[in-house]
Amino acid sequence: MSPVSHHIPEDIIEAYASGALPHGFSVVVATHLSLCDSCRAVAEACDALGGVALESLGAEAAGMTPDRALREKTLALLDAPRAVPEDPKPMGIFPAAVAAELGAKGPAWRSIGAGIRQQILVDGREGSARLLSIPGGKAVPDHGHNGLEMTLVLQGSFHDVTGRYARGDVQVVTDDLEHTPTADPGPDCICLAATDAPLRFSAMIPRLLQRYFRI
Ligand SMILES: [Zn+2]
């Protein structure tokens, strides 16, 4: 596993562990955890703490209700493996969390201009997650943000004013950053990007395209 140098902030990992993150961001966090030992250790610590809190909550509830069986049933359910529709497996460069969203067919890329391609994975009221493929050396048009954007690199690398990002690295940006991510020369830079609000492109034409492509 190559070393990861840009990690997920701890408060986002905590939100993920408690199940509070919108699905699109959860896919990014789950993908990063599968590529990063240190963030996975943080998530496991959160899970352990959450389990202890739930058990003590259960004990309190058991003191208040005569139905001890209910508490035991609840705890047994918590211990049971979580139901997942299928056992997701990694697929090429796509770790299991991305492969689960893609399905068996893999990405159906759609061109969004300038050689950039995308595949939407999650699109809902809470936000979206998509795969983006940017040819080596190409830039994504200047844009700002209305909310939180998390971008994880799966192949190749990109850079902007904040640094350079390679496989496993996550860039987390909020309202205050206006940036031009540019793919480094070499293979297409393939990223998993999640947002909780539509991006705000600076130029007119990308803004029109935005409506069409639901970026
Ligand atoms: Zn990490």
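## Strands and their pairing

Two strands count as a pair if DSSP finds at least two bridges between them. In this predicted model, strand β3 (residues 127-134) and strand β10 (residues 189-195) are joined by seven bridges. The two strands run antiparallel. Within this pair, L132 stands opposite C191 of β10.

β3 and β10 belong to an open sheet of six strands. The order is β1-β2-β3-β10-β5-β8, with antiparallel pairing. β1 (110-111) and β8 (170-173) are the edge strands, and each pairs on one side only. Strands of a sheet pair through backbone hydrogen bonds.

## Helix α2

Helix α2 covers residues 23-35, 13 residues in total. From first C-alpha to last, α2 reaches 19 Å, close to the expected 18 Å.

The helix lies across β2 (117-124), β3, β5 (149-155), β8 and β10. Its direction is at about 40° to β5. α2 is mostly covered, with ten of its 13 residues buried. Among them are F25, V28, H32 and L35.

## The zinc site

Which atoms coordinate the zinc ion? They are ND1 of H7, NE2 of H32, SG of C36 and SG of C39, at 2.1 to 2.3 Å. Along the chain, these donors follow the spacing H-x24-H-x3-C-x2-C. The arrangement is tetrahedral because the four donor atoms subtend angles of 95 to 125° around the zinc ion.

H32 counts as buried because its relative accessibility is 0%. C39 is buried too, with a relative accessible area of 4%.

Terms used:
Residues numbered from 1 in each chain as written. Predicted model: local features only at pLDDT ≥ 70, side-chain atom pairs only at ≥ 80, totals over all residues. Heavy atoms only, no water. Helix = DSSP H or I, 4+ residues; strand = E, 2+ residues; numbered from the N terminus. Expected span 1.5 Å × (residues − 1). Buried < 20%, exposed > 50% of the residue type's maximum accessible area, 1.4 Å probe, protein only. Contact = heavy atoms within 4.5 Å. Axes fitted to C-alpha atoms, helices over the stretch in contact; angles between N-to-C directions. Donors = N, O, S within 2.8 Å, 3.2 Å for Na, K, Ca; no water. Tetrahedral: all angles 85-135°; square planar, octahedral: opposite > 155°, others 65-115°.
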